[in-house]
Amino acid sequence: MQQTMPEDGGGWHHVNAGPHLHIMFHPNRQLVGRESDDIERPSIVVAVAGKREQALRFDPFSVGSHYHIRPSQRGRQVPLWVEEGQKPLDVALAFFEKPLRFRGLLSQAEERDVASLVDGAALARAARQIRELDAAAGQKSAA
């Protein structure tokens, strides 16, 4: 069963990426019932506008960074290769800053029609907004 988009609130923030995509970001998504640990779990979920099912999910965790194409409860995780000195979130946002790569992922998620409509400038703005939301969340937790 394919994962659906989260509801607004509960730490999720809507990210503006133009009229064709619905993107939400959570700076540290914790699963209910999981014991607290020191792993940061930011998540970025992407759906085609008007659809509830996630097309993509990026989980640039501080440990075990990965992403999903058409995430499901038993879905396959694709590793995000984070080199020494890189931040996992920056590795995930590189997909947004290179529109051809992002469009390729949408095509793999069987959203080819929308992939061709995605605006590169809107994706770059979405990446900036996610960085701003992440930085603001980091400032709150440091206070």
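Q: Where does Pro-42 lie?
A: This is a predicted model. In it, Pro-42 is found in the loop between β2 and β3.

Q: And is Pro-42 buried or exposed?
A: Pro-42 has 6% relative accessibility, so it counts as buried. Buried here means under 20% relative accessible area.

Q: What is Pro-42 in contact with, leaving aside its neighbours within four places in sequence?
A: With those neighbours left aside, the contacts of Pro-42 are Phe-25, His-26, Pro-27, Asn-28, Phe-58, Asp-59, Pro-60 and Phe-61.

Q: How far apart are Pro-42 and Ala-115?
A: In sequence, 73 residues separate Pro-42 and Ala-115. In space they are 24 Å apart, C-alpha to C-alpha.

Q: Let us turn to the sheet. In what order do the strands come?
A: Six strands make up an open sheet, ordered β1-β2-β3-β4-β5-β6, and their pairing is antiparallel. The edges are taken by β1 (13-15) and β6 (78-79), and each has a single partner strand, so one side of each has no neighbour in the sheet.

Q: What do strands pair through, in general?
A: Strands of a sheet pair through backbone hydrogen bonds, and the pairing may be parallel or antiparallel.

Q: How many bridges join β1 to β2?
A: Three bridges join these antiparallel strands. His-14, for example, has Met-24 in β2 as its bridge partner. The two strands form a hairpin with five residues between them, and Gly-18 in the turn has a positive phi of about 95°.

Q: And how many join β2 to β3?
A: Six bridges join β2 to β3, and these strands run antiparallel. His-22 stands opposite Ala-47 in β3. As for burial, β2 is mostly covered, with five of its six residues buried.

Q: Which residue in β4 does Ile-44 stand opposite?
A: The residue opposite Ile-44 is Phe-58 in β4. Over three bridges, β3 and β4 pair in the antiparallel sense.

Q: How many bridges are there from β4 to β5?
A: Strand β4 (residues 56-59) is joined to strand β5 (residues 66-69) by four bridges, and the two run antiparallel.

Q: Which way do the β4 residues point?
A: Leu-56 and Phe-58 point one way from β4, while Arg-57 and Asp-59 point the other way; all are buried.

Q: Now the helices. Which strands does α1 lie across?
A: Helix α1 (residues 88-97) lies across β2 (21-26), β3 (43-48), β4 and β5, and it runs at about 20° to β3. Helix α2 (residues 99-108) also packs on the sheet, where it touches β2, β3, β4 and β5. The direction of α2 makes about 125° with that of β4.

Q: What about the largest nonpolar core: how many residues has it?
A: The largest nonpolar core has 31 residues. Leu-21, Ile-44, Val-46, Leu-56, Phe-58, Phe-96 and Phe-102 have the most contacts inside it. At least two residues of this core come from each of β2, β3, β4, α1, α2, α3 (112-115) and α4 (120-142). Helix α1 gives the most, with six residues. Apart from this core lies another, of five residues, including Trp-12 and Met-24.

Q: Which residue lies over the face of Phe-95?
A: Arg-101 does, at 4.2 Å from the ring centre. Elsewhere, the charged end of Arg-41 sits over the ring of Phe-61, 5.8 Å from its centre.

Key: Residues numbered from 1 in each chain as written. Predicted model: local features only at pLDDT ≥ 70, side-chain atom pairs only at ≥ 80, totals over all residues. Heavy atoms only, no water. Pairing = 2+ DSSP bridges. Contact = heavy atoms within 4.5 Å. Axes fitted to C-alpha atoms, helices over the stretch in contact; angles between N-to-C directions. Core = buried A, V, L, I, M, F, W, Y, C linked by side-chain atoms within 4.5 Å. Buried < 20%, exposed > 50% of the residue type's maximum accessible area, 1.4 Å probe, protein only. Lys NZ or Arg CZ within 6 Å of the ring centre and 35° of its normal.
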